[in-house]
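Biologist: Please take one part of this predicted model and look at it closely. I would like to know what it packs against and how it is placed.

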Amino acid sequence: MLDHIMLRVRDYAASKRFYDAVLGTLGYRMLLEFPEAGGYGDDQKPYFWIGPSQDPHPRTHIAFMAKDRAAVDAFHAKALEMGARDDGAPGLRPHYHPDYYGAFVIDPDGHNIEAVYHGPASP
């Protein structure tokens, strides 16, 4: 069900030092890092992300696994219909990886919710 989760942190460098050490005891390490975030996981993929935020009430990011790209599209459309705000229309995010197809919305409480599919487009 869950693909990954992201916590927004006030001090990215301090949080990175903390999670590098703490998650290292469990066998996890930072696998990907971008200017806006870093992701921890096993050798498979990053499941837990941290990213900087100046907001005193930072929002949480949760990504749900979708079965295909059509499900990502349906998630986005239904969320908007239900009153969510768009935060990234369905589409490829090749800067994450070539087949990363996701959509982002802001839920009624301000959290960033995503649906993501990691496979290639259906033939």
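Modeller: In helix 2, four residues are buried: Arg69, Val72, His76 and Ala79. They sit on the same side of helix 2, because they cover an arc of only 90° around the axis. The spacing fits a general rule. An α-helix has 3.6 residues a turn, so residues three or four places apart point the same way.

Now turn to the opposite face. Pointing away from the buried side of helix 2 are Ala70 and Glu81, and these are exposed.

What do the buried residues of helix 2 pack against? They meet strand 6, strand 7 and strand 8.

Next, the length. Helix 2 has 13 residues. From first C-alpha to last, helix 2 reaches 19 Å, close to the 18 Å expected at 1.5 Å a residue.

Asp68 caps the N-terminal end of helix 2. One of its side-chain oxygens lies 3.2 Å from the backbone nitrogen of Ala70. Just after helix 2 comes Gly83, with a positive phi of about 105°.

Strand 7 (residues 101-106) and strand 8 (residues 112-117) run antiparallel, joined by six bridges.

Methods. Residues numbered from 1 in each chain as written. Predicted model: local features only at pLDDT ≥ 70, side-chain atom pairs only at ≥ 80, totals over all residues. Heavy atoms only, no water. Pairing = 2+ DSSP bridges. Helix = DSSP H or I, 4+ residues; strand = E, 2+ residues; numbered from the N terminus. Expected span 1.5 Å × (residues − 1). Buried < 20%, exposed > 50% of the residue type's maximum accessible area, 1.4 Å probe, protein only. Arc of directions from axis to C-beta. Contact = heavy atoms within 4.5 Å. Polar contact = N/O pair within 3.5 Å; in protein donor to acceptor, adjacent residues only side chain to side chain.
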